[in-house]
Each structure stands twice: as structure tokens, then as C-alpha cells.
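Colleague: I have not seen this one before. Can you walk me through it?

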Amino acid sequence: MTMPLIGSDALSYAEALPPDWPGSFWAHIFFWVILLILFITVIVLLFTWLERRWLGRLQIRPGPNRAGPFGLLQPIADVFKLLLKEDIVPDKADKWVHWLAPVVALAPALLVFAVIPFQDGALLADLNIGILFILAVSSMVVIGVFMAGWGSSNKYSLLGAMRTIAQEISYEIPLVLSIVGVIIISGTLSLNEMVKAQQDVAFIFVQPLGFIIYITAALAEVARTPFDLIEADSELVAGFHTEYSGMKFALFFLVEYAETLAVAAIATTLFLGGWQGPFLPPWMWFIIKLFAVFMFIIWVRGTLPRLRIDQVMGFAWKFLLPLALINVVITGVEVLAWPDAPLLALGIINLVVAAVLVLLMSKLFKLGGGRVPV
Amino acid sequence: MLTNYAYIAFYLVACILLAVVALGVPIILRLLKISPSKPNKVKTDTYECGMETTGRSWVQFNFRYYVYALMLIALDVLVVFLYPWAAQIKELGASGFVAVLVFIFIVVIGYFYAWRKRMLEWR
């Protein structure tokens, strides 16, 4: 389909739009840009509230409960507090890089949601390379993080930023490889088509190993506990954003939660069946699954302690990467040897394979003979 | 298809505008004297846990990060080639699969070499 990018003929754009969307080029952009930005902001505010409440429950304490019913107004109060704080920039910092870093980090973190389907065909841009777009864009956040660490001219910031880069590029590979299995089974790179391929069985049952690798690597990518040693308060103060205050800090906070939201959204779309579900409207299913994944992430945070840096790196390179490669090869063999297999049958085989592989690998996985000299 | 990229371009502009506006509001609040701005020498000093700052942080940095970056490039290229193959696996069939296996094998040799050289360990 070839058509002019920008012109006066509104009708030709209407033909190129997603199926159930009436309207023109500009109406589509206007509606979706405002919707996406509102959606991300509101869900991030809800997430910060939910994280503190749910973490409070996990640790047998009430959590924030003063501002509004159930403490629901707490995030709003936080936003206003951060807005009115004094903005401190260190003398030695590179002022421009220090100022630009939150902008560079925020834009790609929000850009991920352009291709996430909320409902059948209801998304900003139904790219036929959707998942590739997400992976390309989401790894650009690191540039903003490194600008923050370098521009602050603070030793803790620099160490935190360096660790961020080392950790994110290490976990990038298992993350990307774990998705290949889903692509093999669905045979497409478009996210909307992938959700449609999960009509009968969600891919978490067909690709259990892929899901485990994805969620582990994604937790490390967005630096959630147990992989949050890039902002380990006991050693690095606050990591790359040590020298940030006020609204700039708030933007980094937003980036962090937007990334977590993106992880939840991708896990929902690729593995949990996206907007598919009975009775309720599709977009509601999407949001319910989003919150379920996020609560799982908080649960992991409330349960596991922080790992050591050599454990984290060894885990990525020596455990997750071989496992992800084996998963890709096995899935490829299955699809080629048994082209019209029912998905559930593949799922049972994969479940057994996953259990055997994970048990075997955890027997074999050792760091320095089980003991690392510190 | 190209229209989709126009959507994304406009969305990107909106995201950058959002960030710039979010950073602009505190500046306006400061000019209106609503939020405080009283910098002094101690406050704008580089934070170092209360100690006096020594030296700068723009220094040459540890070599081991470089090895990880090299490994990333090798394996990321592998993955970039795996994606189109995975999307078209049924059309490409067994011959495509064998080609990909050979490709993976070549990269895995490099991976095991790095492993044997103890490059994957954080030292």
C-alpha cells in the first residue's frame, strides 16, 4: 500500500486506518496521543500507590492510608511535593547533559506503547514489525540513564550508570531470544496478530520456558528487585539519579514505572493473551492482566533479597542465555516436524522440556565452584 | 503502512514536548517565587556522603564493561537475523532451519571461547 505521507485528501487515510477506527489522520493522532499519555500517567500513579499498599500488605504493615480513601490521593500529593521542590544542580555537573537526560530517557519509555493493542485493532500504529520496534526503542532508555550518570559528575552516579549499562546489555540477549519462540509459533511480528493467534491457548502455556526467561530478564532490564543493584541504596546512594531533585527526579521515577508498565504490557500481549477474554470488554481484560503482572512483580520484590553483581551477570550469561537458545532451537524443531500440531500438545511437550532443562541447568550452574572469593 | 510511522513520529514529538513541559513548569514556578531557589556552595557541591569531594568523576573506567559490550554486539547480530527467520519459519522449511543452526553454531563457538577465557565472569 503506497500513499502520500501528508496531504489534503482525508479519505485516503481513512482506508489505511485500523479496521474499527472511523476518522481521519489528524483525529486518529490527536485521540491516541492524548489517550496514551493520559493512560500511562494515570496507570503509573496507580502503580506507585498499588506498589506501596501491596508491599505494605506483604510486610504486614498498612502502607500509605492518610491521604484520601485507602491513601488513593497519595500519588497526587507526591507529584505536587516534587513540583514545588527546589531544583538543585551541582556546580561541577555538565548542565546541558544533566538537564537533557530525563527528556532522552522519557521519550523512548513512552514510545513503546505506540504499538501495544488495547483491543482488536485499537492501537496508535499497527506496525508489521511491532515487537522489533519495541525492542529497538526500549533499549534507548539506557542512553538517557548514562547521560544522567555522566552529566552529574558524581562518583555514585557514574558507577550506577555503568552498572546499568552492563546489566541491561547482558539481559538484553536472553530477553530478545525468549521472544523468538513466540514469533515462531505465531509466525508474525505484529503484536495485534500475535494476540489473535492466542485465540484458543495463551502462549504462556505453549512457551512456559520463554515466559520464565522473559519475565526474569525483563525484571533485570527495568532494574526491579532482586536485580536492583544499579540503585542499591546501601552501596550507591541512589545510583544514576543521586544528583537529581524535584521534577527531574520525578521524570526518572516516571521512566522507571513506565518501563515496568511496558514490561507488564508486553508480557500480557505476548504470553497472556492480550485483550482476549470472556464476558468483559477486551480493553478491560487487557488492563486486568496488566495489573496482575504488575502485582506479580511487586510480589517478587517483597519476597526475594537483592543479588550480588557477579551473581547477576553470571546468571544472565551462563544460565539464561543457553536456556533461551535451546528453547529457540526446540521450538523450531517442533514447528517444522509437526506443522499442524494442536497448540496444547506443543505446550505439554514444552512444559516437560522446560522442567527438565531448568532442573538440569540449576544443577550445572555454578559460580566459581560454588564459592566466589570476595 | 507509512502512515503508521507518521503516527509514531507525531507521538514521539508529543512525548518530547511532555518531558520539556514537565521540566519547564518548575522553572516558571521558580520565576514566580513559588518554589524556593537558594543555592549555596555546600548545597550545590557534588554529593559524596557528607565527605568533601575529591577529584572529578570523569575518568577512564574499568575494562570489563568493554568485554560485555563486545559480546552484546556479537549476539545481538545473531538475534537480528533470527527474527525474520522466526517469522517465516514454515515457508523457509528445513533448509532454512539448517542454515540457522549453522549460524547459531558459529556464534556459539565464540561464546564458549569467551566462557573458557573467563570473560563472562565479573572480576
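Modeller: What follows goes through the two chains and then their contact.

Modeller: This is a predicted model, where local features need pLDDT of at least 70, side-chain atom pairs count only at pLDDT 80 or more, and totals for chains, interfaces and linings use all residues. Residues are numbered from 1 along each chain as its sequence is written, with chains lettered from A and ligands numbered from 1 in the order in which they are written.

Colleague: OK, how many helices and strands does chain A have?

Modeller: Chain A has 15 helices and zero strands. Helices (H or I, at least four residues) and strands (E, at least two) are DSSP runs, numbered from the N terminus.

Colleague: What about chain B, what is its radius of gyration?

Modeller: Chain B has 26 Å, whereas a compact globule of 123 residues would have one near 14 Å. Its C-alpha atoms fill a box of roughly 70 × 50 × 15 Å along the principal axes. The secondary structure of chain B is three helices and zero strands.

Colleague: How much of each chain counts as buried?

Modeller: For chain A, 50% of the 374 residues; for chain B, 18% of the 123. Buried means that 20 or more other C-beta atoms, placed from the backbone, lie within 10 Å of the residue's own; exposed means 12 or fewer, and partly exposed is in between.

Colleague: Back to chain A. Which residues of H13(A) are buried?

Modeller: Among them are Trp285(A), Phe286(A) and Lys289(A). The buried residues of H13(A) pack against helices H2 (25–58), H10 (208–221) and H12 (246–271) of chain A.

Colleague: Now the interface. How many residues of chain B are in contact with chain A?

Modeller: 55 residues of chain B are in contact with 70 residues of chain A. Contact means C-beta atoms, placed from the backbone, within 7 Å.

Colleague: Which element of chain B gives the most to that side?

Modeller: H1(B), with 20 residues. By class, the side of chain B that touches chain A has 40 nonpolar, eight polar and seven charged residues. Ala, Val, Leu, Ile, Met, Phe, Trp, Tyr, Cys and Pro count as nonpolar, Asp, Glu, Lys and Arg as charged, and the others, Gly among them, as polar.

Terms used
Contact = placed C-beta atoms within 7 Å. Rg over C-alpha atoms; globule rule 2.2 N^0.38 Å.
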